[in-house]
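Keep the viewer open and follow along.

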Amino acid sequence: MSFSVELHDEFVVVRLPATLSLANAAAVRNQLERHIQDVSAELIVDLSGVEFIDSSGLAALLSVCRAARAWGGDIVLAGPLPRVQALIELTRLDDVVDVVADIAEASARLSARREAA
Amino acid sequence: MFHELLLIGAVPEAGHEAARWVEGGCSRFGLRGPAVEQLSACVVEAVNNAIEHAYGTIAGDVQLTLSAEAGVVTVVVSDRGPGPRDSEVLAPEPDAPRGRGRWIMDQWCDSVELQKGAFGFRTILSKQCAANAASISGRPDSSQLTRLF
């Protein structure tokens, strides 16, 4: 499992694969949590390329969010497609994890959080 | 009535394949859009439940049938497991680690029926995906069997 990782402003942006499901949710979760532990606990998770997600994928994102907060950071989910956004809203994942339209907004959200801390 | 069958191995990739199969089957008969996507998301959860709860690490098959009539699409997901002990559906807390699958099915399908028996366990999901029968162009009683994995 490999991700595209880049920097936007000073934040790491991880671009997830097109599918986040039972088949790869554990691997994605493990890799992102390792990244949080080893590199940065502030993470922008780019969902714009995710075309398919299920409840296992949502649970993986929630687990990554918890890990980031445990290390003093946070994650922001950026750019979900309408189909993914619908599932996020149905399950109220957006009550506990920030979900924004794009990477620029995610970066602004993390910057504001850092300044408030 | 349009009717298709899918026999799929109980492997983690099966849910996504089942979703593509449902959307492909609906598309061939002129059904697409958010309602079909919601139905396919529910089918994924039913298939995932079969993989995780009916078989675990044991090899097995999940059978799906898809039928469409008068704009209503019905998908039956069958496995050889005993089914859930508790059929009560509670809204999961947003930060709950598990328990979203059945909730998603209940919210996005018009009907969710669970059947237990000597055959195993079935989840029957139905959803209105088109306004009327005119939007379904399938041949009466046509059928097709697909085997994956």
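How many helices and strands are there in chain B? Chain B has three helices and six strands, where helices (H or I, at least four residues) and strands (E, at least two) are DSSP runs numbered from the N terminus. Before going on, some housekeeping: this is a predicted model, in which local features need pLDDT of at least 70, side-chain atom pairs count only at pLDDT 80 or more, and totals for chains, interfaces and linings use all residues. Residues are numbered from 1 along each chain as its sequence is written, chains are lettered from A and ligands numbered from 1 in the order in which they are written, and side-chain values use heavy atoms, with hydrogens and water left out.

Read from the N terminus, the elements of chain B go β-α-α-β-β-α-β-β-β. Of its 149 residues, 46% count as buried; buried means under 20% relative accessible area, exposed over 50%, and partly exposed in between (1.4 Å probe, protein chains only). Take the contacts in chain B with a separation of 6 or more: 70% of them come from residues 24 or more positions apart. Contact here means heavy atoms within 4.5 Å.

Now for the helices of chain B. Helix α1 (residues 14-28) of chain B packs with α2(B) at an angle of about 145°, their axes 8 Å apart. Axes are lines fitted to C-alpha atoms, for helices over the stretch in contact, and angles run from 0 to 180 degrees between N-to-C directions. The crossing of α1(B) past α2(B) is right-handed; a crossing is left-handed if the near helix is turned anticlockwise from the far one by less than a right angle, and right-handed if clockwise. On the α1(B) side, the residues that meet α2(B) include B:Ala14, B:Ala18 and B:Val22, while those in α2(B) include B:Val36, B:Val43 and B:Ile51. Sorted by class, this contact of α1(B) with α2(B) has 11 nonpolar, three polar and two charged residues. For the classes, Ala, Val, Leu, Ile, Met, Phe, Trp, Tyr, Cys and Pro count as nonpolar, Asp, Glu, Lys and Arg as charged, and the others, Gly among them, as polar.

Helix α2 (residues 34-55) of chain B has another partner, helix α3 (residues 101-108) of chain B, with an angle of about 150° and axes 9 Å apart. The two, α2(B) and α3(B), are therefore roughly antiparallel to each other; angles under 35 degrees count as roughly parallel, over 145 as roughly antiparallel, 65 to 115 as roughly perpendicular and the rest as oblique. α2(B) passes α3(B) in a left-handed crossing. Among the residues making the contact are B:Ala41 and B:Cys42 of α2(B), and B:Ile104 and B:Trp108 of α3(B). By class, the contact of α2(B) with α3(B) counts six nonpolar, three polar and one charged residues.

Over to chain A. Which way do its α1 and α2 run relative to each other? The axes of helix α1 (residues 25-38) of chain A and α2(A) come within 9 Å and cross at roughly 15°, so α1(A) and α2(A) are roughly parallel to each other. Their crossing is right-handed. A:Ala25 and A:Leu32 are among the α1(A) residues that meet α2(A), where A:Gly57 and A:Val64 are among the partners.

A:Gly57 deserves a stop: this residue of helix α2 of chain A is buried, with a relative accessible area of 0%. Leaving aside its neighbours within four places in sequence, A:Gly57 is in contact with A:Leu20 and A:Ala25.

Next comes helix α3 (residues 82-90) of chain A, in which A:Val84, A:Leu87, A:Ile88 and A:Leu90 are buried. They cover an arc of only 165° around the axis, which puts them on the same side of α3(A); the arc is that of the directions from the helix axis to the C-beta atoms. In general, an α-helix has 3.6 residues a turn, so residues three or four places apart point the same way. The buried residues of α3(A) pack against β5 (52-53), α2 (55-70) and β7 (98-100) of chain A, together with α3 of chain B.

Finally, look at some loops. A:Asp9 is not a glycine, yet has a positive phi of about 55°; A:Asp9 is exposed, with a relative accessible area of 60%. B:Ala70, in the loop between β2 (61-69) and β3 (72-79) of chain B, has a positive phi of about 50°.
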